[in-house]
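Let's take a walk through a protein structure together, one piece at a time.

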6 protein chains.
Amino acid sequence: MEKRFVLKISGKIIDPREPQRIAGYSSVIKRLVDDGYRVAVVVGGGPYAREYISCAKNLGFTDAQADIIGIEIARVNALLLAYALGEYGYIPIPRNIEDVYRAWSTGKVVVVGGLQPGQSTAAVAMVIAESLGVRNVLYATTVDGIYDKDPNKFSNAKKLNRISIDEVQKYISQRYEAGGYELLDPLAIGIAKRSCIEITVFNGLQPENVFKALLHEIGTHVICHE
Amino acid sequence: MEKRFVLKISGKIIDPREPQRIAGYSSVIKRLVDDGYRVAVVVGGGPYAREYISCAKNLGFTDAQADIIGIEIARVNALLLAYALGEYGYIPIPRNIEDVYRAWSTGKVVVVGGLQPGQSTAAVAMVIAESLGVRNVLYATTVDGIYDKDPNKFSNAKKLNRISIDEVQKYISQRYEAGGYELLDPLAIGIAKRSCIEITVFNGLQPENVFKALLHEIGTHVICHE
Amino acid sequence: MEKRFVLKISGKIIDPREPQRIAGYSSVIKRLVDDGYRVAVVVGGGPYAREYISCAKNLGFTDAQADIIGIEIARVNALLLAYALGEYGYIPIPRNIEDVYRAWSTGKVVVVGGLQPGQSTAAVAMVIAESLGVRNVLYATTVDGIYDKDPNKFSNAKKLNRISIDEVQKYISQRYEAGGYELLDPLAIGIAKRSCIEITVFNGLQPENVFKALLHEIGTHVICHE
Amino acid sequence: MEKRFVLKISGKIIDPREPQRIAGYSSVIKRLVDDGYRVAVVVGGGPYAREYISCAKNLGFTDAQADIIGIEIARVNALLLAYALGEYGYIPIPRNIEDVYRAWSTGKVVVVGGLQPGQSTAAVAMVIAESLGVRNVLYATTVDGIYDKDPNKFSNAKKLNRISIDEVQKYISQRYEAGGYELLDPLAIGIAKRSCIEITVFNGLQPENVFKALLHEIGTHVICHE
Amino acid sequence: MEKRFVLKISGKIIDPREPQRIAGYSSVIKRLVDDGYRVAVVVGGGPYAREYISCAKNLGFTDAQADIIGIEIARVNALLLAYALGEYGYIPIPRNIEDVYRAWSTGKVVVVGGLQPGQSTAAVAMVIAESLGVRNVLYATTVDGIYDKDPNKFSNAKKLNRISIDEVQKYISQRYEAGGYELLDPLAIGIAKRSCIEITVFNGLQPENVFKALLHEIGTHVICHE
Amino acid sequence: MEKRFVLKISGKIIDPREPQRIAGYSSVIKRLVDDGYRVAVVVGGGPYAREYISCAKNLGFTDAQADIIGIEIARVNALLLAYALGEYGYIPIPRNIEDVYRAWSTGKVVVVGGLQPGQSTAAVAMVIAESLGVRNVLYATTVDGIYDKDPNKFSNAKKLNRISIDEVQKYISQRYEAGGYELLDPLAIGIAKRSCIEITVFNGLQPENVFKALLHEIGTHVICHE
């Protein structure tokens, strides 16, 4: 069994106002490295990124420019986690795919915050996984997984334990308003599909859930074919 | 009228087996710079990229890895054009969006060959246009423009002189098999739409056609709203 | 008269929650460039930097590590201003003194957000001025200048129009609690003194004040010798 | 016995049209690394480099510019091998001698495709060996070794098993038309001589021959003194 | 007990006219690495730096520019030591704090010669220690430690075995002309104090003294609190 | 007439112990730039480089490593000239051929001190000229030009005003002990020949001689064909 994975963490989870959660992720990742895992982490921008992006829009910048500003904030979040990792983490935060390779070559945990305008954090996680030849993405978010309907609208929405990437794509193309719609954009799905990358979407508010997600005990396991 | 544009040239057009066409593009771009234009160029990989990508696939590399290898060939094509531009061209070929900014700051013509795996050359052109705040993309390809039907299948296919980006998107989502389908992928269209970037798709086998495309005398002019 | 200066702007002034002020600084700088000035700008981190630094401290990072995180936020502020400057501004934001030289060589306005841990923004402004051979620093802050006593404590505190750098140093070494104490640290003063760099401390809440500060019509003019 | 060597592979051997040979070299190198060897590899440009160089000449570029274009193709060949090496290989491909040091410091196999115009691939191999303090170069080519006469002209030409670098130099200065003439240029010989670098020229069409060349079982062993 | 330290070596000690001492330091550091230590080294510029700085002043350069020139010479001294370290040393010499992190991530011994104008070598050692989270600095100089009076003026000056950083600071602020005055500038002391970095000032003319200094058998041990 | 040239200056001429000569070269180059010339300068290492190289040899470093150390000193000499050039000079000193292109793109005077081990300063000047497409090299040295015999041995040695590159090559291959022997190595001659680069060897102890050398009023004019 391959002991390499990309961990995508929402900017709502790695947030400077919640230092204890950053410390928690740092502990979890260190334990996994001690257990033989190689890990790359993609961190989102979260609420501060949104404030900076709002300023950028207000100033009339283009979407790409606003995006780059949001990526810079995500990189500061990434730096918080990288410093928390101490000798386990790679610094400085990689700024493009070549930097990612350089960092990965040292054997350290690589934490990034975005690479290029026009891509969701989920897509960045897939691009990095595919570039490194990694086929396992853990996707830490604020919900428990992917639902068959929008759980905010339907009380009978049911969390899916296991779903194929084709089905996720179908939900999206039909704009079914299921949870999957916001989590994975077409580029992320496209890469997952063509390279058969497995994704586990799980509730990452508790860092220890990473261990359970690795074993598919929680969340939704998106598999590449039936 | 803004005198800045991004020129996207297919790898079938900038091809080392056709040095005269490279020389032709170099002359055209120099004349435009002398006339006050600022130009960024995105060059595709063409047939040699395909041969290298085929080797990559044969060796079991992932799509992202094969993509990066194709981008490297596109960069060599870009270098051919950059050298042909002499003192007008920026060298070395930028390898990421920050490099593009550095190159652009010198006032030289910036020629790139791709930035990141998972993106078409058309998408790269849009990302660069949006990052630089440029709203005009000239799209040199081997056909005369976008057709209402696939011109290879329907003898009565008609070239469109003017079309909105929404209509292009509709063709694609309906998989109408029109020419636009292969020319512009969803990411390229999405950026063009959100930043109101105008695109002129034209036959670039004759470098001088760039002058006509700039004036919308040839090709298909994709406008951002009616 | 030399038409080159370094403009240091407090992070309280260049703040993403105040986009109009960023736009104002952008207009002012563009006009000065059109008038023949060459400008380097140093931007502070402001309230967001303080939030990130507080998280860093909470996680047990060292002061240097917390400092670097604050510098990263200052760089995002710098990027906001650099994008607002459009074709006048250099991107990407320089990250060390060699980057500053590279950027300066293009003739663009160079905006930075800090270079190294252990230095105040004022010290960075002096280091950059001295490295570029510039002898004029405009210092935009939230107070009207340097006072003979702490204006927050003494109602009869008087703003000084003109003061020598030696006197500023004396205030500080005597811990006189004057306004100068917080504005200029020993490193900043030491460089200003040895290279005879003139400093104009002024209220930068109104971007247009830069014009008046250039003419010494407002603020406190710190001269290098009587 | 030192377990470090530089492996120079002709562009005729590492060729994208022969993926199986690339896979073969990758296997051989991985086994040597597992056996404790440290390896740097220099790859030539081969037939595609020649096509690009021919275009460059056609466009009137200088020899240095054409050379740089050929080096770029050699770097894509190097990238093919580096990706084939998986976690054993360093990416991105080093572009100058400082990059080589950075890559070497990670402990990975370093694959390069040329560093600077005006140097043969053989000279690059010697420069890298000398810069890293390595005294053993394996030279994979399409012939079986160095001959006492040109084997294409003389049916009685005899492959030399062992020859001193002084004799190779003599052949060249007398333009004896022996096989050594095309294999090693004056710069490569000069470095080999001054740093006593041993060279084993061997037929590299079969990747497994590397094992035999390491033991001097095949090819010509060029020693630095009698 | 933490096995990481920063070793600061005066430019009078690492001097190209004394190759044997460089070899000696190389042996000592290698032994410590073999014993499990991680080491970063900061090397001063010494007499050649002074000659170049004198030329810079003569040409009317600013202090920062002269400083940068001195740092470049210190970097060449650092390179001498890095090459002497062979496979233990990181090359190329890091030029800014991000380079230091990149180098440190490889696990090699990192040798630097200065990072930025306006900082003493002692301050650089403290900045690097604090950035890496290291709390132990060995300070190799040409005197035996810190004295209670200036040993050049007072025959009864007594070397201090142990002193708190507060006392060192007091000596300096009172300009007591003690040995500490020249060794540690305010920035270096400020960082040592805030991050509780212990400093051992010792006579480094004999490289083997590093072992004794590590055990506090020689020199002056500057502790962060009583 | 092309107004671009590469100026190669011996390390014996640009020497920190002779600041006035550095100032003189700075003035001369600024005047030429004001007159419309574009200039790249290659500076040698001189006596300090030799001292550092001697230390390197003493420590058992390889020739390439010693070479790199000498290049670093040449770069510090280059930095002295670049700072003296003020706003005319590019900083930081380029460290490889891609850096040279980046620097050249800004329009500034580019000063380098060497690029790679195993190359004379003369060869570096030729590589840069050929890479930039420049066909004129001014070669400032401590003798008046190339002689028909060694002027140190033969009182009747005659300075040549004009000589073809073929003749220079003949002198060298015959080891005629003429002055040209030490000035131009085979790589430098080879590049000059294949790209028809004209070289003017002249006495550069007086910086103003550059003006005369440009007009072929002094020195030896090496032409590429009769």
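This is a predicted model: local features need pLDDT of at least 70, side-chain atom pairs count only at pLDDT 80 or more; totals for chains, interfaces and linings use all residues.

In what order do the strands of chain E follow one another? Reading across, the order is β3-β2-β1-β4-β6-β7-β5, which makes an open sheet of 7 strands with mixed pairing. At the edges you will find β3 (110–112) and β5 (162–164) of chain E, each of which pairs on one side only. If you ignore direction, neighbouring strands of this sheet are turned by 20° against each other on average.

Zoom in on one pair of strands in chain E. Strand β6 (residues 198–203) and strand β7 (residues 220–223) run antiparallel, and 3 bridges join them.

Chain A lets you look at a parallel pair. Its open sheet of 7 strands has the order β3-β2-β1-β4-β6-β7-β5, with mixed pairing. Within chain A, strand β1 (residues 4–9) pairs with strand β4 (residues 136–141) in the parallel sense, over 4 bridges. Here A:V6 stands opposite A:V137 in β4(A). Helix α3 of chain A, residues 63–84, packs on the sheet and touches β1, β2 (38–43) and β3 of that chain.

While you are in chain A, visit the loop between α9 (209–214) and β7 (220–223), where A:H216 is found. The phi angle of A:H216 is near 60°, a positive value in a residue other than glycine.

Next, see how two helices can meet. Two packed helices are described by the angle between their axes and the distance between the axes. For helix α4 (residues 97–105) and helix α5 (residues 121–132) of chain B, the angle is about 55° and the axes are 11 Å apart. The two helices, α4(B) and α5(B), are therefore oblique to each other. The crossing in which α4(B) passes α5(B) is right-handed. Which residues of the two helices meet? From α4(B) come B:I97, B:V100, B:Y101 and B:W104, and they meet B:V127, B:I128, B:S131 and B:L132 in α5(B). Of the residues in this contact, 7 are nonpolar, 1 is polar and none is charged.

A loop in chain B, between α3 (63–84) and α4, holds B:P92. The peptide bond leading from B:I91 to B:P92 is cis, with omega near 5°. In chain E, a cis peptide bond joins E:I91 and E:P92, with omega about 5°.

Finally, step back to see how two chains are related. A rotation of 180°, with 0.0 Å of shift along its axis, superposes chain F on chain E with an RMSD of 0.0 Å. That is the relation of a two-fold axis. Which C-alpha of chain F is nearest the axis? The C-alpha of F:I73 is, at 3.7 Å from the axis. Of the interface residues of chain F, 96% are also interface residues in chain E, so the copies meet through the same surface.

How values were computed. Residues are numbered from 1 along each chain as its sequence is written. Chains are lettered from A and ligands numbered from 1 in the order in which they are written. Side-chain values use heavy atoms; hydrogens and water are left out. Axes are lines fitted to C-alpha atoms, for helices over the stretch in contact, and angles run from 0 to 180 degrees between N-to-C directions. Angles under 35 degrees count as roughly parallel, over 145 as roughly antiparallel, 65 to 115 as roughly perpendicular and the rest as oblique. A crossing is left-handed if the near helix is turned anticlockwise from the far one by less than a right angle, and right-handed if clockwise. Contact means heavy atoms within 4.5 Å. Ala, Val, Leu, Ile, Met, Phe, Trp, Tyr, Cys and Pro count as nonpolar, Asp, Glu, Lys and Arg as charged, and the others, Gly among them, as polar. Copies are superposed by least squares on the C-alpha atoms of residues with pLDDT of at least 70 in both. Two strands pair if DSSP finds at least two bridges between them.
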